[in-house]
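Here is a quick tour for someone meeting this structure for the first time. Have a look at the sequence and the fold, then read on.

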Amino acid sequence: MATSKMAVGTKGGPAKEKPRQSKKEAKTLKRKRDQDDLEKLRLAIEELDSKSTEIKNFTDLPLCEATTSGLRASHFEVLTDIQARAIPLALKGRDILGAAKTGSGKTLAFLIPMLEKLYREQWTEFDGLGALIISPTRELAVQIFEVLRKIGRNHTFSAGLVIGGKSLKDEAERLGRMNILVCTPGRMLQHLDQTAGFDVTNLQLLVLDEADRIMDMGFQTAVDALIEHLPKSRQTLLFSATQTKTVSDLARLSLKDPEYVAVHEEATTATPANLQQHYIVTALPEKLDALWGFIRSNLKSKIIVFFSSGKQVRFAYEAFRRMQPGMPLLHLIGRQKQVARLEITRRFAMAKYSCLFATDVVARGVDFPAVDWVIQVDCPEDADTYIHRVGRTARYESKGRAVLFLDPSEEEGMLKRLEQKKIPIQAIRVRENKKKPIKDQLQSLCFQSPDLKYLGQKAFVTYVQSIYLQKDKEVFKLDDLDLDGYAAALGLPGTPQIKFQKGEDAKKLKNAPRYNLSSGDEDSDDGDGDTEGGDKKKKKDEVRTKYQKMAERQNQDVLSSHYRKLLGEDAGEDDGDGDFLSVKRVLEDDQLDEAAGKKVGVKTVKLGNSELVIDSHRREKLLNSKKKIAKYMEKGKKLVFDDDGNAHPVYELTNEQDFKQQGPAEKLRQQFVETEAGKVKEADVEDKELAKKRRKEKRDRQKQREREEAEAEAAASEEEEGGAGGGGGARLDTPSDGEDPLALLRSLPTNDRYEDEQDEPPKKKAKKWFQTDDSSEDERPRKKQKGGKKVIEMDHEPENLQDLEALAAGLLED
Ligand SMILES: Nc1ncnc2c1ncn2[C@@H]1O[C@H](COP(=O)(O)OP(=O)(O)OP(=O)(O)O)[C@@H](O)[C@H]1O
């Protein structure tokens with residue numbers, strides 16, 4: 001469930017009823033007492049010295065009983081620096097620009113003043129929306145909501161989480177009753193624009209968490225439009241680990257004489273002191289080797305690994321998973337469905353040892369407990385991103401370590417950027433014996449699995465594309481990267497060719513991934529059903545099963561071959577030796593009996609040196625068991641067949657003289673490599689054709705389905721029209737003549753910039769701003785088809801959807 005409505009707490013503070021009083025008397029007395037308390041509280045806040053250094057504990061603050069008891073019950077006692085500085089000012093009604101290191105407790109610094117403000121205003125359900133908290137990602141919004149539920153348990157306000165993932169209508173019904181909303185910007189804007197009766201004119205307080213991110217280009221339009229709807233006479237609190245006092249930003253938010261509270265300015269570094277920061281210089285083609293070696297040496301740890309794009313995450317995750325490092329792997333990208341994302345977040349949060357491959361979707365704010373290591377395989381785009389990523393470890397008072405992998409070409413530039421932010425980082429070197437080249441394994445995996453190879457190619461292209469679009473050319477130098485080596489390191493048979501479109505578009509597109517990471521995060525990726533496409537999809541969902549839908553997704557077999565099995569597509573497939581071991585086939589072959597000189601009718605089968613008589617069904621069944629068969633079989637020898645069909649051992653030694661006659665060994669080696677490379681390329685072409693064919697088939701199926709659905713719909717509406725005209729019975733809620741029932745939905749902003757193009761909903765062909773050299777005819781349908789694709793959101797064993805939804809719902813509401 002994407003939105004969750006909940007009362008933050010049960011009625012009032014602890015009840016103190018006196019049994020002998022009449023109910024009415026007790027109520028009047030209580031009201032009076034509450035009024036007195038409120039007056040005292042207001043006075044105490046007026047008198048509060050906001051610069052006082054005496055405020056150490058939450059009990060030193062003038063807070064209402066409901067908040068104090070909520071904090072106590074959540075085991076918060078002592079204020080952190082940012083809390084001690086920001087809360088008193090915020091209680092006094094000041095606008096705040098708060099900047100403090102990651103993990104320093106900024107969430108409470110805005111939640112406490114928010115609850116207090118509504119309490120002092122005696123906010124009730126009839127007053128509507130009193131406070132709005134905007135977060136750049138869904139994960140962060142969920143987390144803030146959880147903290148709010150904990151500390152607000154004794155308040156009576158209702159609070160909701162608006163992050164998409166459900167139909168706009170479902171959310172809209174609940175919005176009107178909410179006092180506090182935690183939301184992502186795009187989704188909130190949709191409601192403000194489209195939800196009739198959703199009134200924000202009373203809003204008392206606006207909070208922007210990770211404000212610099214929310215204010216940057218990716219969210220600019222959404223946030224500006226959102227602010228337009230809000231009343232100017234409100235208090236505004238902005239918090240982030242990395243913040244600037246950009247005048248234009250402040251003007252956009254109409255902050256009134258804001259107080260700038262920056263805790264880490266006094267400290268020497270912008271990152272937590274309990275965080276050890278290192279970097280290793282490793283050439284791009286060796287980064288995955290380094291990562292593999294690192295994971296293998298730290299199996300008893302909790303690790304987050306950052307990559308710059310979802311495709312790299314998927315490739316690394318899929319490849320490493322197959323190589324079985326010996327610890328649970330998870331992956332999290334913006335394109336996964338909301339339930340899956342929440343489930344993965346939950347799993348990683350609860351895991352003792354695990355490694356999470358992720359994009360920057362979890363770089364900010366997400367509070368995973370006890371993360372030991374943050375590894376950045378791809379260089380972050382700037383120092384701020386670096387700070388946020390490493391901030392996932394060493395949270396609050398715990399320790400943590402971070403390692404940044406830098407290509408030699410990135411070293412100088414990036415270190416300069418980190419130095420400017422006073423980030424203490426030290427070089428380390430990977431021990432020689434810990435280096436584990438995995439190129440050969442990846443090559444073999446890619447050779448065996450075209451899907452993995454396809455992911456690898458995509459990962460390569462996205463990586464190169466991201467480097468090309470990076471603004472900081474002092475750090476990111478495309479020409480200095482060994483791209484051929486990188487492609488080979490990913491196990492690819494050749495280096496994908498990429499052409500870049502020059503011009504202004506590149507700049508715009510640079511912002512696209514950032515927007516996608518987050519607004520894709522918030523609303524786009526799960527086809528909420530708010531858009532026309534969403535509605536269509538919903539209808540389809542009703543018809544098709546979960547497994548069918550999963551199987552229709554491109555690359556689905558990369559992530560979940562078991563779904564294919566569930567669909568029965570693999571029914572005839574065996575694990576390579578099926579034909580050889582199939583007893584049934586042997587038995588049905590009469591010739592075998594004849595050749596064995598047996599009477600037709602008595603079945604025998606020859607397994608290795610033993611000849612077995614099949615005299616009963618039971619024995620026949622038993623022989624279907626591979627285990628049983630293996631018992632009778634000799635250990636196999638691997639043979640290769642020449643063109644004439646003669647078998648040879650894999651390695652056949654020629655005598656030395658013959659060998660010498662063939663020419664110099666180096667030349668022979670060269671020839672051999674060339675022939676093999678040719679074979680690989682040929683196989684690659686075949687793979688491509690196969691993929692092309694599959695895509696075409698899928699498209700045809702899709703079209704066919706759509707046609708059938710359209711026909712069915714047309715038939716249904718004809719029937720319905722006839723029925724309504726004739727009998728005047730119950731009518732469906734259809735719009736009046738000429739009205740387009742989907743007009744409203746069509747007007748919704750479409751999320752046309754996705755992190756992962758494979759998962760975009762069907763749409764017009766995006767303007768290409770780069771293309772691969774081999775983007776021949778067969779490349780085009782692929783792009784088109786990608787439009788219809790969805791992400792496989794599951795990275796774990798198949799569980800049913802209801803389970804997942806229940807788990808996600810459990811996260812959002814008890
Ligand atoms: N006063 C406190 N006493 C004890 N623990 C606290 C206190 N305040 C916050 N924490 C804990 O510190 C951790 C980090 O808090 P929080 O998520 O608010 O940090 P943050 O500054 O928002 O980090 P980021 O910049 O990464 O978003 C949380 O686990 C929270 O429970």
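Glutamine 324 counts as exposed, because it has 8 C-beta neighbours inside 10 Å (exposed is 12 or fewer other C-beta atoms within 10 Å of its own, buried is 20 or more, partly exposed is in between, with C-beta atoms placed from the backbone). Glutamine 324 sits in the loop between helix 12 (310-323) and strand 11 (329-332); helices (H or I, at least four residues) and strands (E, at least two) are DSSP runs, numbered from the N terminus. Its phi is positive, about 50°, although it is not a glycine. Most residues other than glycine have a negative phi.

Alanine 394 also has a positive phi, near 55°. Its loop runs between helix 14 (383-390) and strand 14 (400-406). Is alanine 394 buried or exposed? Alanine 394 counts as buried, because 25 C-beta neighbours lie inside 10 Å.

## Where the numbers come from

This is a predicted model: local features need pLDDT of at least 70 and side-chain atom pairs count only at pLDDT 80 or more, while totals for chains, interfaces and linings use all residues. Residues are numbered from 1 along each chain as its sequence is written.

## Around the ligand

The shell around the ligand has 19 residues, and Gly105, Lys106, Thr107, Gly365 and Tyr396 come nearest (near means a C-beta atom, placed from the backbone, within 6 Å of the molecule or strand). Helix 4 (residues 106-120) gives the largest share, three residues. At least three residues come from each of domain 1 (37-266) and domain 2 (275-436), with bounds from an automatic or database domain assignment.
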